[in-house]
Amino acid sequence: MKIRTRLVAGAVAALALTSGVATAQVAQAAADGPAVVETRTLSAEAALKIADAVQKEAAKQKQRVTVAIVDRSGVTRLLLKGDGAGPQTEESARRKAWTAVSFGQATSALSKNQALAAIPGTLLLAGGVPVAVDGAPIAGIGIGGAPSGAIDEAIAQAGLKAIQGQLR
């Protein structure tokens, strides 16, 4: 384990040299850093509430959609393809959710920055919204299948609204 610590400290020190930071300060910070980092995760129950609210809103709007929910690392926690939703909706919903959590913004707001499209997995179409606690994204909701991204995003917002009061 000491070798790994030295390698990490060495790598951080090398980065520090190229950025002008003192090597000793960075190496010390790497050695003193926490060994465990806590992250918040959306519960399975909350994901199910979101999916239920999404499908109810989609039915109300007469839309056939798929909802995807990913965690902070972009791992799919839930994927529910609604009755009659097309085959392309699964990947679209997942990528919108991934994009929303990755950048902490609704995908409709990101669509203006086409440079982001070069990042693998990113989908710059409206319909993805982040789930945030204390301003930090913990999950992403993506909707695919409506004839416009604005409708997808309104349906995603309905899902988010279903748990909004429980986010702490």
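Residues are numbered from 1 along each chain as its sequence is written, and side-chain values use heavy atoms, with hydrogens and water left out. Because the model is predicted, local features need pLDDT of at least 70 and side-chain atom pairs count only at pLDDT 80 or more, whereas totals for chains, interfaces and linings use all residues.

**Overall fold and confidence**

The chain holds six helices and four strands, taken as DSSP runs (helices H or I, at least four residues; strands E, at least two) numbered from the N terminus. Their order along the sequence is α-α-α-β-β-α-α-β-β-α. Of the 168 residues, 40% count as buried, meaning under 20% relative accessible area, with exposed over 50% and partly exposed in between (1.4 Å probe, protein chains only).

The mean pLDDT, the predictor's confidence in each residue from 0 to 100, is 87 for the chain, and 82% of the residues reach 70 or more. Residues 1-19 have pLDDT below 50, and this stretch has seven contacts in the model beyond near neighbours in sequence; a contact means heavy atoms within 4.5 Å. Where pLDDT is low, the predicted coordinates should not be read in detail.

Helix H6 spans residues 149-161 and reaches 18 Å from its first C-alpha to its last. Its buried residues are Asp152, Glu153, Ile155, Ala156, Ala158, Gly159 and Leu160. Among the elements covering these buried residues are helices H3 and H4 and strands E3 and E4.

Leu78 lies in strand E2 (residues 76-81) and is buried, with a relative accessible area of 13%. Leaving aside neighbours within four places in sequence, Leu78 contacts Ala47, Leu48, Ala51, Val67, Ala68 and Ile69. The C-alpha atoms of Leu78 and Val67 are separated by 7.8 Å.

**Salt bridges**

The structure holds seven salt bridges, each a side-chain nitrogen of Lys or Arg within 4 Å of a carboxyl oxygen of Asp or Glu.

Lys96 is buried at 3% relative accessible area, and Asp152 is buried at 2%.

Asp52 and Lys56 both lie in helix H3, four residues apart; Asp52 is partly exposed at 41% and Lys56 is exposed at 55%. Glu57 and Lys60 are three residues apart in helix H3; Glu57 is buried at 17%, whereas Lys60 is exposed at 64%.

Technical notes
The expected span of a helix is 1.5 Å times one less than its number of residues.
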